[in-house]
Amino acid sequence: MKRAYLSNNDCSSSITVKVNVIVFLLCFIIFSAPSMAAPLLFHLWSEELPAPTPSPFLSWTDDQPDQTDGVHSWRVTDPTLTIYLPKQSCGQAILCCPGGGYWDVWHGTEGHNLAEWLNEQGVALAVLTYRLPAGVKEIPLEDVHRAMRLMREHQREWQIQEIGIMGFSAGGHLAATAATRWSCPEERPDFQILFYPVITMDESFTHMGSRINLLGDHPSQHDILLYSCEKQVTKQTPRAFIVASSDDGLVPVQNSICYYRALLDHGISATLILYPEGGHGWCSHLHFRYRQQWMDELEHWLRTTR
């Protein structure tokens, strides 16, 4: 067996090589490691559903499992909150309400897909797979309030100072409803972010599918007013970032505009960004012409309004 011997110079070179190898390995571990920790999963009503919820699932039976394909869920009896915590918190967290017209919940394309990007900014993301109305209009908001209270309970543990709410399309209506209707400080979001939101229940410019799925075919004037978010703004409504496209053929852009005006009328800080084209539901579209712009605008808004 041949043995290799090192001179003093060789030892110095060997140490240098070893140090370089260690540095390389550390860099490899750091930069090849996942950019965010494994998410935390909470079942909102692990013990029992809130009362009263009369006949909450009119067309479903208890022995039917929740329906999902991993991208969206169209029957939810066990609402969940998936928490993505950043490695280093900036002090902000966002409760996310995906869209789906109150018919399903697109948590894959309007929720989980944003976690890594927000975590890179130090922002925690909580994706809510909420129950759908199925004849009981109060149900989605119950889940949002429960999720907000749960996040408040963990604020110190998760190093969070502010908890905002974000919503897309009908999820934007749910988020705006939560921002304008809360019964205790723990349920009030500190800010709101709305993407191409449904805002009003006024039939002249609402999204009729969302209105019917939430309020039914013949809602009362009381319910129309109560669930028209532009009519529920007060001086206690949190600051807002709203973004939509002028050519949205599904949810008229007037929804975003009327909410923005209502916020301004009550002295609430609000940012409204309207792109000339893009239609509806473009959050996850890599080819969306203004993708980098909306991401830059939202990142700047989150950073400068803390």
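The questions below look at salt bridges in this predicted model and at how each label follows from its definition.

Residues are numbered from 1 along each chain as its sequence is written, and side-chain values use heavy atoms, with hydrogens and water left out. Because the model is predicted, local features need pLDDT of at least 70 and side-chain atom pairs count only at pLDDT 80 or more, while totals for chains, interfaces and linings use all residues.

Q: Why is the contact between arginine 149 and glutamate 187 called a salt bridge?
A: A salt bridge is a side-chain nitrogen of Lys or Arg within 4 Å of a carboxyl oxygen of Asp or Glu. For arginine 149 and glutamate 187 the N to O distance is 2.7 Å, so the pair meets the rule.

Q: What makes glutamate 187 buried?
A: Buried means under 20% relative accessible area, exposed over 50%, and partly exposed in between (1.4 Å probe, protein chains only). Glutamate 187 has 5% relative accessibility, so it counts as buried, whereas arginine 149, at 28%, counts as partly exposed.

Q: Why is the pair of arginine 152 and aspartate 190 said to tie together parts of the chain?
A: The closest N and O atoms of arginine 152 and aspartate 190 are 3.3 Å apart, which forms a salt bridge. Arginine 152 lies in helix 3 and aspartate 190 in the loop between helix 5 and strand 8, so the pair ties together parts that are 38 residues apart in sequence. Helices (H or I, at least four residues) and strands (E, at least two) are DSSP runs, numbered from the N terminus.

Q: How many salt bridges does this rule give?
A: The count comes to eight.
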